[in-house]
Amino acid sequence: MPEPAHSAQPATPAAVRPRPLSIATQPDGGRSVVTVSGELDLQAADELRATLHRALKNATDGIDLDMRGVTFCDCSALNVLLAFREQALVESRTVTIQSPSPVTERLLSLTGTLPLFTAEPGDGTDHELGVEVVQLRRAMQTRPTIDLARGVLMATFGLSPQDAWHVLVMVSQNTNTKLHRLAQDLVTAVRGEPLSDSVQRQVAAAVARLSEPDGRGAQGDGET
């Protein structure tokens, strides 16, 4: 007799399964190498923060981040990195990202924070440290606006946090607008200031593109 047919849901392709967060720390002389892979979102922020602070305690010179395995990174993770770098600088230690993944490099480029994590460290003078801290604080001030804009997109179009982030990135790139300026425009629009026609079209196109099979993976890598 033929075996009975079994109804089963098709397996999720490995390429689209979320990668679980993995963080490993390894000493390297006076520095610690922290290797991060998987998705860095709001849920992962606390674990990332705790691991970085533990690693810094055992690193007299600073931290080097290997993030080539990061498949998703949003502003909640960037907030952690910015605050952590500020603390390290105050303690005369440095934090660098040696190997950013494409999504990590895109986020840092869009937010103008890439040089903070890739520039060669200075000679440690008080003036240079003060400038770095000011730059970090200025960068962190834009994060709440970006998070508010993501919330606007989530509420307006019924998007998940990650999909709202992808829309922000796509529209920022396609309109050649800095991410924090686009976010401010979206937040202001809720208060009665209309978006420009071009931005409205790009937002609608980006939301529609999410339903396409490659809607998230076909973004360009251009900097704004």
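**Entry 1: helices H7 and H9**

I began with helices H7 and H9, which pack at an angle of about 135° with their axes 9 Å apart. I worked with a predicted model, in which local features need pLDDT of at least 70 and side-chain atom pairs count only at pLDDT 80 or more, while totals for chains, interfaces and linings use all residues. Residues are numbered from 1 along each chain as its sequence is written, and side-chain values use heavy atoms, with hydrogens and water left out.

I took the helices (H or I, at least four residues) and strands (E, at least two) as DSSP runs numbered from the N terminus. The axes are lines fitted to C-alpha atoms, for helices over the stretch in contact, and the angles run from 0 to 180 degrees between N-to-C directions. Angles under 35 degrees count as roughly parallel, over 145 as roughly antiparallel, 65 to 115 as roughly perpendicular and the rest as oblique. H7 and H9 are therefore oblique to each other.

I noted that H7 passes H9 in a right-handed crossing. A crossing is left-handed if the near helix is turned anticlockwise from the far one by less than a right angle, and right-handed if clockwise.

I then listed the residues that meet: Val167, Met170, Val171 and Asn174 in H7, and Val199, Gln202, Val203, Ala206, Val207 and Arg209 in H9. An α-helix has 3.6 residues a turn, so residues three or four places apart point the same way.

**Entry 2: valine 199**

I looked up valine 199, which is placed in helix H9 (residues 197-209). Valine 199 is buried, because its relative accessible area is 10%; buried means under 20%, exposed over 50% and partly exposed in between (1.4 Å probe, protein chains only). Beyond its neighbours within four places in sequence, valine 199 is in contact with Val171, Thr175 and Leu182, where contact means heavy atoms within 4.5 Å. Valine 199 and valine 171 lie 28 residues apart in sequence, and their C-alpha atoms are 7.3 Å apart in space.

**Entry 3: helix H3 and its surroundings**

I turned to H3 (residues 102-110) and H7 (residues 161-174), whose axes come within 12 Å and cross at roughly 60°. That angle makes H3 oblique to H7. The crossing of H3 and H7 is left-handed. Arg106, Leu107 and Leu110 of H3 make the contact with Trp165, Val169, Ser172 and Gln173 of H7.

I found Thr104, Arg106, Leu107, Leu108, Ser109 and Leu110 buried in H3. The elements covering the buried residues of H3 include strand E3 (62-73), helix H2 (75-90), strand E4 (94-100), helix H4 (114-118), H7 and helix H8 (179-190). After H3 comes glycine 112, with a positive phi near 70°.

**Entry 4: helices H1 and H2**

I examined H1 (residues 42-57) against H2 and found that their axes come within 8 Å and cross at roughly 20°. H1 and H2 are therefore roughly parallel to each other. Their crossing is right-handed. On the H1 side the contact is made by Leu42, Ala45, Leu48, Arg49, Leu52, His53 and Leu56, and on the H2 side by Ser76, Ala77, Val80, Leu81, Phe84, Gln87 and Ala88.

**Entry 5: serine 32**

I located serine 32 in strand E2 (residues 31-40). Serine 32 counts as buried, at 4% relative accessibility. A polar atom of the serine 32 side chain lies 3.5 Å from the backbone oxygen of alanine 55. Apart from neighbours within four places in sequence, serine 32 is in contact with Thr25, Gln26, Pro27, Ala55, Asn58, Ala59, Gly62, Ile63 and Asp64.

**Entry 6: positive phi in two loops**

I checked serine 92, which sits in the loop between H2 and E4. Serine 92 has a positive phi of about 60° although it is not a glycine. This serine 92 counts as exposed, at 55% relative accessibility.

I also checked asparagine 176, in the loop between H7 and H8. Asparagine 176 is not a glycine, yet its phi is positive, at about 55°. At 58% relative accessibility, asparagine 176 counts as exposed.

**Entry 7: the whole chain**

The protein chain has nine helices and four strands, in the sequence order β-β-α-β-α-β-α-α-α-α-α-α-α. Of its 224 residues, 44% are buried. Among contacts with a separation of 6 or more, 71% are between residues 24 or more positions apart. The accessible surface is about 12300 Å², with 51% belonging to carbon and sulfur atoms; the areas come from the Shrake-Rupley method with a 1.4 Å probe, and for residues only the protein chains shown count as cover.

Key. Polar contact = N/O pair within 3.5 Å; in protein donor to acceptor, adjacent residues only side chain to side chain.
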